[in-house]
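Biologist: I've got the structure open on my screen. Can you walk me through some of the contacts?

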Amino acid sequence: MSALRLATRSVLRSRQLAAPWRGSFRGYAEVPSDRIRLNLTLPHQTIYQDADVVQVNLPATTGDLGVLANHVPTVEQLRPGVIDVVEESGATKQFFVSGGFAVVQPGSLLSINAIEAYPVEDFSAEAVRAQLAEAQKNATSGSEVDQVEAKIELEVLEALAAVAK
Amino acid sequence: MSSLRASVRPVVQAAKAASYRSRAPANAYATLREIESRLKSIKNIEKITNTMKIVASTKLSRAQRAMFDSRAYGETSDEIFKKAETVPATEGNKLIIVSSSDKGLCGGIHSQISKAVRARLALEPDADLVILGDKAKIQLARTYASNIVLSFNQIGKEIPTFAEAQSIADQIFKLGKKYDSIEIFYNRFKSGISFEPTSVPAFTEESLQTSPNFSAYDIEEDLAQDLTEFALANAIFWALAEGHACEQSARRSAMDNASKNAGDMIGRYSILYNRTRQAVITNELVDIITGASSLQ
């Protein structure tokens with residue numbers, strides 16, 4: 001019964017995509033030719049959903065990447081760093097992310113799944129320094145698992161320290 | 001003659017009255033106590049189920065908000081598989097992940113998801129099972145205990161966090177077995193009063209790389225594996241969040257029904273109690289009056 005439902009579901013899926021491609025999977029109007037549609041989602045919060053923006057700069061593991069309209073479809077893993085979003089109004093919002101994946105889909109759609117992302121203004125340099133000291137201590141003592149976790153924490157915090165004011 | 005009968009009658013009546021006194025009141029008192037204690041316990045139960053309903057309502061509103069966020073997150077994660085037109089493999093090692101929870105008193109949540117999983121296992125009896133939540137484990141262990149490779153508890157107490165989903169995905173990879181297709185069974189939230197057991201595939205590296213439209217993407221060699229592992233954690237998180245919302249809504253309506261039923265029973269038993277109490281009093285009066293009249 002559920003196999004049938006699954007088969008029907010995947011048939012429907014392919015049938016939907018065989019239809020003329022209309023830009024967003026939600027069936028909204030096509031993305032304007034000089035904009036990129038951004039979905040920036042976190043597990044517990046959605047920062048941007050189907051927002052048409054001008055440009056998005058991403059901190060990818062392969063290097064920094066600027067995404068404009070009609071960017072070639074790519075899959076990038078994000079390293080701890082800052083995502084800049086240049087909105088239609090001209091304002092630039094900056095978010096610090098700890099990691100995740102960014103996928104440029106065909107049709108000027110940018111899907112970002114980040115684990116944590118906060119506006120850069122929300123961080124305090126002192127709190128970052130304190131956490132950095134703590135993590136450095138843990139990186140050299142404790143069990144192996146603790147040390148590895150602390151090293152990952154250090155990576156994120158060092159990137160954050162460069163940005164927090 | 002009539003005076004003789006008259007003197008006999010009171011004796012007979014007194015005897016009858018005596019037998020009534022020994023039989024009916026004792027029985028009626030025992031029944032009265034029983035009814036009173038039942039009434040008290042039903043009132044307690046009604047208070048408890050009412051409280052549980054209120055708690056489930058507040059939890060439901062929070063769970064629903066978390067579910068909408070998790071839906072946006074999960075759909076974003078799914079986007080690449082949609083665009084690449086990935087299809088799950090039909091052969092090879094199959095893994096079924098069942099999203100349930102530890103607590104009961106939530107209507108048909110656990111039995112419905114177990115039924116859906118059993119129906120799938122009837123078609124694919126060699127599939128491995130990873131069960132999230134004790135309730136589903138108990139149900140599935142009855143008939144498919146040998147399929148269970150991993151089970152988790154402490155699920156469902158609060159809104160699921162991504163860290164939980166991530167550690168579940170991590171444990172699955174630590175098993176070391178390479179799966180060709182993974183399917184996640186969970187209860188999809190249709191509305192505040194209805195849910196539906198559904199399954200979604202979590203695509204593997206091979207499925208992604210053999211997708212019809214995969215070549216459209218510019219992707220580094222080893223990223224496909226990382227991406228699919230990340231996508232599995234995202235899918236598990238989405239399933240847990242939806243399942244949690246379904247459970248809270250089912251618990252709310254189950255406790256609501258229970259409170260209503262308890263309320264009905266309280267009404268019925270109160271009437272019965274009062275009637276019995278009045279019967280006891282009436283019997284006592286009959287005894288007293290008969291006794292008094294027999295002394296006249």
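Biologist: Which residue meets A:E88 in a salt bridge?

Modeller: Keep in mind that this is a predicted model. The A:E88 side chain sits 2.7 Å from its partner, N to O. A:E88 is in the loop between strand 5 and strand 6 of chain A, and the partner is 53 residues away, in the loop between helix 1 and strand 1 of chain A. That partner is A:R35.

Biologist: Is A:R35 buried or exposed?

Modeller: The cut-off for buried is under 20% relative accessible area. A:R35 has 17%, whereas A:E88, at 46%, is partly exposed. So A:R35 counts as buried.

Biologist: How far apart in sequence are the parts that B:R71 and B:E242 tie together?

Modeller: These two form a salt bridge, with the closest N and O atoms 2.5 Å apart. B:E242 is buried, at 1% relative accessibility. B:R71 lies in helix 1 of chain B and B:E242 in helix 6 of chain B, so the parts they tie together are separated in sequence by 171 residues.

Biologist: Where does B:D256 lie relative to B:K260?

Modeller: Their side chains meet in a salt bridge at 3.3 Å, N to O. B:K260 is partly exposed, at 49% relative accessibility. Both residues lie in helix 6 of chain B, and their spacing is about one turn of the helix, or four residues.

Biologist: Which residue of chain A does B:S70 touch?

Modeller: B:S70 is found in helix 1 of chain B and is buried, with a relative accessible area of 0%. Leaving out residues up to four places away in sequence, it touches B:F237, B:W238 and B:A241, and from chain A, A:P43.

Note on methods: Residues numbered from 1 in each chain as written. Chains lettered and ligands numbered in written order. Predicted model: local features only at pLDDT ≥ 70, side-chain atom pairs only at ≥ 80, totals over all residues. Heavy atoms only, no water. Helix = DSSP H or I, 4+ residues; strand = E, 2+ residues; numbered from the N terminus. Buried < 20%, exposed > 50% of the residue type's maximum accessible area, 1.4 Å probe, protein only. Contact = heavy atoms within 4.5 Å. Salt bridge = Lys/Arg side-chain N within 4 Å of Asp/Glu carboxyl O.
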